[in-house]
Amino acid sequence: MSSSSASTSTGGSTATADGSTSSSFWRNNSRSIPGRPTTVANRTGGGRPIGSGSSGASSSFQDYQDSVSDAWDLGDDEFCIISGVVDTRISKRASQTAALNVLKTHKSGVVSKSLANTRADTQPDYTGAADSELNQSVDHSQQSDGKAEDTECPRIENLDIQQPQRQQQYNANVPNDGVVYVNDHRLRQRFHAYPGRPQLLKLSSNVASKDVECESKYEKFSNILEAPLLNLIALKELSWSGVPRKMRAVTWRLLSGYLPTSLERRQTVLERKRVDYRKLVQQYFDADSRDESQQDTYRQIHIDVPRMNPHVSLFQQQLVQEMFERILFIWAIRHPASGYVQGINDLVTPFFIVFLQEAVGADKDLEQCQLSDLSIEQRDIIESDSFWCLSKFLDCIQDNYIFAQLGIQAKVNQLKELIQRIDGTLHRHLQTHGVDYLQFSFRWMNNLLTRELPLYCTIRLWDTYLAESDGFAVFQLYVCAAFLLHWRDQLLQEKDFQGLMLLLQNLPTHNWMDSHIGVLVAEAFRLKFTYADAPKHLETKS
């Protein structure tokens with residue numbers, strides 16, 4: 001025991017130099033029991049347990065947490081034993097420094113004297129004597145005279161206990177207004193109350209703060225994209241949660257594998273690939289004659305393209321439809337194993353929108369955009385880049401579009417088994433009413449949810465698809481599972497086949513935002529993490 005300590009301890013009491021006796025939480029019993037409130041006579045004046053109400057002691061976790069608030073009491077011994085563990089000791093100097101730092105943090109967080117007084121109306125205290133004693137022991141420069149300014153020094157132990165007597169003892173004349181702001185301030189103080197707790201983040205809905213957040217993300221993307229040799233793994237990790245609009249075009253080119261990671265080679269590759277596409281157009285689309293299969297392919301494309309997004313005037317422009325016809329026809333000719341399949345036309349749309357946005361500017365409204373206002377060179381760039389990115393994008397799911405579309409059928413069966421394991425109630429509800437998974441999820445798999453989501457939500461979803469390290473073919477299954485589970489409550493309310501199919505084919509996603517997609521892919525990631533590497537989960541129970 002250090003000579004600086006003028007106290008001797010017997011059992012759970014400590015005799016101080018002035019002859020008073022105080023109980024210490026750390027020395028209360030030979031065996032400390034977590035959760036049991038500690039009696040500190042000199043702090044409460046009545047010997048009742050700290051944190052307890054007038055009705056008696058409580059064994060709740062909150063009371064226990066309050067009972068340890070005197071861990072850094074300046075009246076403790078030079079070293080104090082922690083919870084009965086004899087070998088673990090805390091120096092008085094270290095504990096005093098920690099306590100002062102915490103209290104200083106509380107004090108600096110008080111915005112103004114009036115705010116502190118108002119907060120004092122809503123926060124409790126044990127007695128005026130306890131308040132005065134603590135203020136005197138922590139800061140000798142402050143004298144406790146019962147005035148309102150004494151409450152500017154927050155205490156660790158009185159942040160969570162509800163005792164309305166505080167208002168009668170102090171600050172009787174403070175008006176009770178600004179309740180919402182006071183509660184918010186108390187919440188922030190509570191997060192600062194205990195050492196080791198994370199600070200409450202400041203959340204703001206104003207435009208300026210959002211701009212700062214966006215600028216921060218722009219800077220991260222710029223640092224990665226401008227590197228001489230791009231770190232593709234870092235780009236995927238950053239893009240998984242969404243790509244800023246200004247950075248999306250170049251990011252998608254890189255994530256799809258269209259552009260090389262070397263900065264100095266990118267422009268050369270772009271120019272060469274764009275020239276190659278123009279040659280493909282001349283060779284296949286502008287050919288003088290086509291065989292019967294090619295003519296049938298073009299006829300089907302020519303029928304499907306005008307039906308695509310009929311409610312959006314942009315896609316009804318003649319130049320846009322001709323551009324889509326060329327892209328789809330050349331892709332079908334270059335992939336004879338699958339050829340053109342209805343639904344692939346929807347997969348061109350996100351790439352087209354992203355590269356058109358790059359051409360007209362990130363702040364322009366595309367709904368009123370006229371493609372004829374762009375130069376021929378700009379239109380050629382949009383078309384060629386859309387074609388090459390689509391080709392790269394479909395490489396990992398090409399089995400979805402071969403004869404009989406076996407890839408989609410396999411994924412539909414996997415979705416059925418997955419939902420059966422995750423939510424047996426929903427699965428049985430669908431089966432009882434005769435709803436087959438193929439009837440609604442085939443379109444989800446074939447069109448990658450482009451028909452189920454608003455266009456801007458599809459683009460946000462594809463940020464994550466392109467950022468998937470092992471391709472999005474596997475991840476798409478879990479996105480569809482999470483998407484179906486999202487509508488669980490509404491589906492269970494439908495009691496017949498007709499109601500279920502009407503809901504599943506017309507899901508109310510028209511008000512969805514990027515935040516909904518963020519939740520959707522997060523849930524899909526959780527499901528993938530749980531089931532993707534556990535194939536036994538996807539086997540039907542015997």
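**Salt bridges in the predicted model**

Within helix H12 (residues 292-307), arginine 299 and aspartate 296 are separated by 3 residues, about one turn of the helix; helices (H or I, at least four residues) are DSSP runs, numbered from the N terminus. These two residues form a salt bridge whose closest N and O atoms are 2.7 Å apart, a salt bridge being a side-chain nitrogen of Lys or Arg within 4 Å of a carboxyl oxygen of Asp or Glu. Arginine 299 is partly exposed, at 43% relative accessible area, and aspartate 296 is likewise partly exposed, at 37%. Residues are classed as buried under 20% relative accessible area, exposed over 50% and partly exposed in between (1.4 Å probe, protein chains only).

The structure is a predicted model, in which local features need pLDDT of at least 70 and side-chain atom pairs count only at pLDDT 80 or more, whereas totals for chains, interfaces and linings use all residues. Residue numbering starts from 1 along each chain as its sequence is written, and side-chain values use heavy atoms, with hydrogens and water left out.

Across the whole structure, 14 salt bridges were found. One of them joins aspartate 463 to arginine 248, with the closest N and O atoms 2.7 Å apart. This pair connects distant parts of the chain, helix H19 (residues 455-467) and helix H10 (residues 245-255), across 215 residues. Both aspartate 463 and arginine 248 are buried.

A further salt bridge is formed by aspartate 346 and arginine 451, again with the closest N and O atoms 2.7 Å apart. Aspartate 346 lies in helix H14 (residues 344-360) and arginine 451 in the loop between helix H18 (437-447) and H19, so the pair ties together parts 105 residues apart in sequence. Aspartate 346 is buried, with a relative accessible area of 5%, whereas arginine 451 is partly exposed at 48%.

Methods
Helix = DSSP H or I, 4+ residues; strand = E, 2+ residues; numbered from the N terminus.
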